[in-house]
Amino acid sequence: MRNHGMLTLGESVPEAFTAMWGMERACQAQLQAMACNTELNMPSDEVVAKSCAMYDAPNSRRYGLLEWSGLLRKLDLVDSSWRD
């Protein structure tokens, strides 16, 4: 897979798609921050730990479950021929 980008897996299409979408958005944000050519303000270890804990079980759900139906509705507004 050299030079072909990232490979994303999930237990379902919605999970894999939203994981890829989230990673792409995170990469865009990082590139934009780095393009400012200034020192980045990094969160403290305490903030990172608390943020990670918010996504630990039982607080988390399968990634993409709630987002997928909304994304399909947005796609229908642009082009509904995918359903044929």
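Biologist: In which helix does alanine 33 lie?

Modeller: The model is predicted: local features need pLDDT of at least 70 and side-chain atom pairs count only at pLDDT 80 or more, whereas totals for chains, interfaces and linings use all residues. Residues are numbered from 1 along each chain as its sequence is written, and side-chain values use heavy atoms, with hydrogens and water left out. Helices (DSSP runs of H or I, at least four residues) and strands (DSSP runs of E, at least two) are numbered from the N terminus. Alanine 33 lies in helix α1.

Biologist: Is alanine 33 buried, partly exposed or exposed?

Modeller: A residue is buried under 20% relative accessible area, exposed over 50% and partly exposed in between, with a 1.4 Å probe and protein chains only. The relative accessible area of alanine 33 is 27%. Because this value falls between the two limits, alanine 33 is partly exposed.

Biologist: How far apart in space are alanine 33 and asparagine 3?

Modeller: Along the sequence, alanine 33 and asparagine 3 are 30 residues apart. From C-alpha to C-alpha, their separation in space is 24 Å.

Biologist: What order do the elements of the chain follow from the N terminus on?

Modeller: The chain contains three helices and zero strands. Read from the N terminus on, the elements therefore run as α-α-α.

Biologist: What radius of gyration does the chain have?

Modeller: The radius of gyration is taken over C-alpha atoms, and the globule rule is 2.2 Å times the number of residues to the power 0.38. A compact globule of 84 residues would have a value near 12 Å. The C-alpha trace spans about 50 × 35 × 30 Å along its principal axes. The radius of gyration of the chain is 17 Å.

Biologist: Is threonine 18 buried or exposed?

Modeller: Threonine 18 is found in helix α1, which covers residues 13–34. Its relative accessible area is 2%, so it counts as buried.

Biologist: What is the phi of asparagine 37?

Modeller: Most residues other than glycine have a negative phi. Asparagine 37 is placed in the loop between α1 and α2 (45–53), and it is exposed because its relative accessible area is 72%. Although asparagine 37 is not a glycine, its phi is positive, at about 55°.

Biologist: Where is proline 43 placed?

Modeller: Proline 43 counts as partly exposed, because its relative accessibility is 47%. Its C-alpha atom is separated by 17 Å from that of cysteine 27, 16 residues apart along the chain. The place of proline 43 is the loop between α1 and α2.

Biologist: What percentage of the residues of the chain count as buried?

Modeller: Among contacts between residues at least 6 apart in sequence, 50% join residues at least 24 apart. Of the 84 residues of the chain, the buried share is 7%.

Methods. Contact means heavy atoms within 4.5 Å.
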